[in-house]
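Welcome! Open the structure in your viewer, and let us walk through it one stop at a time.

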Amino acid sequence: MKLHKQPRISDGKICKIYVESDTRGANFVMPEPHCHPYCELYYIHRGACRFFIEDGIIDLREGDFLFIPEQVYHYTRYVYGICKKTSVFFRGDELESWAVDVLPGGDYFFAETHVFKAGELHRGHFDSLITSMNSEEKISDGFSEPMLRIFLHRLLLLMVRECAWLDAIPEDIRTTDDQIVKAAQYIRTHYMERITMGDIAAAAGYSGNYLSRKFKKVTGVGVHEYLLHTRLRIAAAELATTADSVADIAYRCGFSDGNYFKDVFKKKYGMSPSAYRG
């Protein structure tokens with residue numbers, strides 16, 4: 001989805017670390033996508049929301065952090081009901097060099113969007129720290145700015161140490177749910193093998209029946225449907241970029257039956273593998 005680019009009216013007013021916590025629901029409508037000349041760290045305390053960022057979509061859930069770099073266009077929709085969230089706005093130069101050094105990628109951390117997930121045992125730490133930041137925001141005396149700077153450093157350090165870094169979420173899976181991401185990643189790395197529902201479920205830490213139900217509920221597609229989609233997408237790319245035979249590509253992408261591959265490929269792309277290759 002291509003976002004209509006619109007700067008945020010309040011851009012010029014945020015010249016320090018700024019914390020904004022509130023609760024939103026389906027009746028809240030952000031008028032249009034926006035960007036701003038500072039970083040945003042977006043955290044979900046409770047509930048969930050759908051985040052549109054640049055050309056991508058991701059569903060954020062309780063315990064998720066989303067880091068948004070400067071000048072990256074985004075907006076949210078609260079399609080899952082009530083959501084309590086916090087945004088921390090800051091500029092890169094608010095951080096000491098030693099803190100930047102421990103971030104994944106160092107200085108390059110600030111150039112890309114990142115997703116982190118806090119485990120249930122650690123979410124209380126983040127809630128408490130954000131509560132302290134909100135209190136300093138309200139006090140707003142001569143000590144508040146350095147206190148907020150200290151809290152921001154603590155927040156980022158805790159995030160890096162205690163959260164799972166989820167930048168490897170498959171681009172066609174719009175969720176940060178740990179087990180669903182693990183299942184999708186397993187499929188993406190083992191699609192060429194004769195994998196079963198049991199194999200995928202074991203990688204995700206679920207039983208086969210439970211994973212099947214949850215995967216469909218969270219992603220909108222079934223596990224086998226996603227596996228087939230992955231195999232066909234990669235096969236189509238190989239048809240377009242290699243001179244290998246259709247049979248070799250089918251086998252390499254996990255299809256043991258060449259005729260079945262041709263049937264499902266034509267159903268998805270509207271033409272045979274040979275015609276697709278042109």
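Select E94 to begin: in this predicted model, E94 counts as buried, because its relative accessibility is 7%, under the 20% cut-off. Look for E94 in the loop between β7 (83–90) and α1 (97–102). R149 is partly exposed, at 26% relative accessibility.

Next, go to helix α2 (residues 123–139) and pick E137. Which side chain does E137 meet in a salt bridge? Show K16 as well: the two side chains meet with an N to O distance of 3.1 Å. K16 sits in the segment before β1 (18–24), 121 residues away from E137. With a relative accessibility of 31%, K16 is partly exposed.

Stay on helix α2 and select R123. Is R123 buried or exposed? R123 is buried, with a relative accessible area of 15%. Its salt-bridge partner is E62, at 3.8 Å from N to O. You will find E62 in the loop between β4 (56–61) and β5 (64–68), and 61 residues separate the pair. E62 is partly exposed, at 33% relative accessibility.

For the last stop, select E20, D22, R24 and K85 together: salt bridges link these residues in a network. How many salt bridges does the count come to? The count is eleven, so there are others to look for, using a cut-off of 4 Å between side-chain nitrogen and carboxyl oxygen.

Conventions:
Residues numbered from 1 in each chain as written. Predicted model: local features only at pLDDT ≥ 70, side-chain atom pairs only at ≥ 80, totals over all residues. Heavy atoms only, no water. Helix = DSSP H or I, 4+ residues; strand = E, 2+ residues; numbered from the N terminus. Buried < 20%, exposed > 50% of the residue type's maximum accessible area, 1.4 Å probe, protein only.
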